[in-house]
Amino acid sequence: MTAAVGTTVAAIDCGTNSIRLYVARQERDGLIELTREMRIVRLGQGVDATGRFADEALDRVRAALDDYVDTALRLGAGAVRMVATSAARDVSNRDTFLALTAAALGRITPGAQAEVIAGTEEAELSYLGATAGLSATDPVLVVDLGGGSTELVSGSAGVVADAYSANIGCVRITERALPSDPPTDAEIAAARGVIDAALDQATEVVPLTGVRTWIGVAGTFTTLAALDLGLADYDPARIHGARVPLDRLVDLCARLVGMPSAQRLALGPMHPGRADVIGGGALVVIALAERLAAAGVTELMVSEHDILDGVAIGLLRG
């Protein structure tokens, strides 16, 4: 059942690298976006090595979340759902993180706190959000490339067929295998070994054979689309639905991997908090592009809609 016209909800996604807010209102002809915001908080800072959230990372999340709740209340949100993904699944101080989210979210919905969702639900929510409103030929493969993990989910006619969460996000790969700036050839080769091993497992669960449309969501993909379009500044309206041929995509990714962070940062649409880790994400994209090209896919479609939209749709459906 869809919520009544005028109902306003807030969706928050806290990943390894960023925390994002989406506030939307239900109208007769669908969802109306009231705001969409993103901050780099690097919650996953050092998690791969220490197994816990750094105190300064928690402080960054707390500050961003307080501001997000202020914004959601000002826009009339009557319900909120916050999902936390890869970085929050296995840390030793997860309770501290959950407590700070409860303190903020309770101002909108008493008792609410961040939900540390499984990779399969993350994939399904990403698929629901990414495919809403896009014209794509089925079967569709949605890839949500985050800081700590990459979700692959395939489906047709809006129904998920297979889903898998692989631990190969841009932050995780950078911290694990790409310590130099720019990375050395040996580091790149080691990173590709980690990525290919993870994708071997992923594609046993989510086969690529028969895929007709590849949709990429989240910051690595949207930044790649902005760079391919030659944008001086980040423009979501132009990025949403953009198509990038795979040969151009692989060339762009290879150039980003070889750049030092300062050179990446000088690129117009590059977010300052993404410049040092997008090389790791670009290597994941290259590996996926090679496999999808072999399956007959010729281009990447980029969506600005993702797990946030899926969370909001789920809230409005009750």
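**Labels and their cut-offs**

Q: What makes Arg 39 and Asp 67 a salt bridge?
A: The closest N and O atoms of Arg 39 and Asp 67 are 2.8 Å apart. A salt bridge needs a side-chain nitrogen of Lys or Arg within 4 Å of a carboxyl oxygen of Asp or Glu, so the pair qualifies. This is a predicted model, in which local features need pLDDT of at least 70 and side-chain atom pairs count only at pLDDT 80 or more, while totals for chains, interfaces and linings use all residues. Residues are numbered from 1 along each chain as its sequence is written, and side-chain values use heavy atoms, with hydrogens and water left out.

Q: Which parts does the pair of Arg 39 and Asp 67 tie together?
A: Arg 39 belongs to strand S3 (residues 30-40) and Asp 67 to helix H2 (residues 55-74), so the bridge ties together parts that are 28 residues apart in sequence. Helices (H or I, at least four residues) and strands (E, at least two) are DSSP runs, numbered from the N terminus.

Q: Why is Arg 39 called partly exposed?
A: Its relative accessible area is 31%. Buried means under 20%, exposed over 50%, and partly exposed in between (1.4 Å probe, protein chains only), so Arg 39 falls in the middle class. Asp 67, with 33%, is also partly exposed.

Q: How do you know that Arg 42 and Asp 276 form a salt bridge?
A: Their closest N and O atoms are 3.1 Å apart, so the pair meets the distance criterion. The bridge links distant parts of the chain, 234 residues apart: Arg 42 is in the loop between S3 and helix H1 (47-50), and Asp 276 is in the loop between helix H10 (261-265) and helix H11 (278-294).

Q: Are Arg 42 and Asp 276 buried or partly exposed?
A: Arg 42 has 16% relative accessibility and therefore counts as buried. Asp 276, at 35%, is partly exposed.

Q: Which peptide bonds are called cis?
A: A cis bond joins Asp 138 and Pro 139, with omega about -10 degrees; Pro 139 is in the loop between helix H4 (119-131) and strand S6 (140-145). The bond from Asp 181 to Pro 182 is cis as well, with omega near 0 degrees, and Pro 182 lies in the loop between helix H5 (170-177) and helix H6 (185-205).

Q: How far apart in helix H9 are Arg 255 and Asp 251?
A: They are 4 residues apart in helix H9 (residues 246-258), so about one helical turn separates them. Arg 255 is partly exposed at 45%, and Asp 251 is partly exposed at 41%.

Q: How many salt bridges does a search of the whole structure find?
A: The search finds 18. Arg 192, Asp 196, Asp 200, Glu 290 and Arg 291 are linked in a network of such bridges.

Q: Why is helix H7 called largely enclosed?
A: In helix H7 (residues 219-229), 9 of the 11 residues are buried, so the rest of the structure largely encloses it. The buried residues include Phe 221, Leu 224 and Leu 227. Gly 230, which follows H7, has a positive phi near 75 degrees.

Q: What does Gly 310 touch, and is Gly 310 buried or exposed?
A: Gly 310, in helix H12 (residues 307-316), counts as buried at 0% relative accessibility. Leaving aside residues up to four places away in sequence, Gly 310 touches Leu 125, Leu 128 and Gly 129; contact means heavy atoms within 4.5 Å.

Q: Why is the chain called as compact as a globular protein of its length?
A: The chain has 12 helices and 11 strands. Its radius of gyration is 19 Å, close to the 20 Å that the globule rule gives for 318 residues, so the description holds. The radius is taken over C-alpha atoms, and the rule is 2.2 Å times the number of residues to the power 0.38.
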